[in-house]
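Me: I'm new to this one, so could you walk me through it, starting with the helices?

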Amino acid sequence: MEIIVRQMEERDLDRIMEVEKSCFTTPWSRQSFLLEITKNQLAKYFVAEVDGIVAGYGGIWLILDEGHITNIAVSEDYRRLGLGKKLLEELIKLCEKYEISSMTLEVREDNEPAKELYKSYGFVEGGRRTNYYHDVGKDAIVMWKKLESRE
């Protein structure tokens, strides 16, 4: 099995939409992803391919000295292969490259696998956004990670 993480391209969007719809009750639109990868200069998106098939993706906004992870999703058929880890590692490397000092994200309060993944990479819980996932009536846990200083 060959796993590759690379920058998201417009040709990936059909498959991204399949993954998005399978992972989220309120998926982003194709147009939203298209704008993220073609117009948003703060955004960076990656896909994880397994044997040439896009199986997951992750995105981040680089705002001043903070990296805000917008989403990480892996198709159910490809979970437990380490794709979430590989995508998260790529986002962390990107932040280190741009000398970002901290990273943040929101994760649904009951998404234990995701919270454990983030904790294993040094993210800590720092707050709660009530009813953030209003479509399912769930709060978001805000998590933060400080990156090594280059000083």
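Me: Is the crossing of α1 and α2 left-handed or right-handed?
Reply: This is a predicted model, where local features need pLDDT of at least 70, side-chain atom pairs need 80 or more, and totals for chains, interfaces and linings use all residues. Residues are numbered from 1 along each chain as its sequence is written, and side-chain values use heavy atoms, without hydrogens or water. Helices are DSSP runs of H or I, at least four residues, numbered from the N terminus. With the near helix turned clockwise from the far one by less than a right angle, the crossing of α1 and α2 is right-handed.

Me: How are α1 and α2 oriented to each other?
Reply: Their axes (lines fitted to C-alpha atoms over the stretch in contact, with angles from 0 to 180 degrees between N-to-C directions) come within 10 Å and cross at roughly 125°. Under 35 degrees is roughly parallel, over 145 roughly antiparallel, and 65 to 115 roughly perpendicular. The two helices are therefore oblique.

Me: Which residues of α2 meet α1?
Reply: Contact means heavy atoms within 4.5 Å. On the α1 side are L13, D14, I16, M17 and E20; their partners in α2 are R30, F33, L34 and I37.

Me: How many residues in that contact are charged?
Reply: Asp, Glu, Lys and Arg count as charged; Ala, Val, Leu, Ile, Met, Phe, Trp, Tyr, Cys and Pro as nonpolar; the others, Gly among them, as polar. Six are nonpolar and none polar, leaving the charged ones at three.
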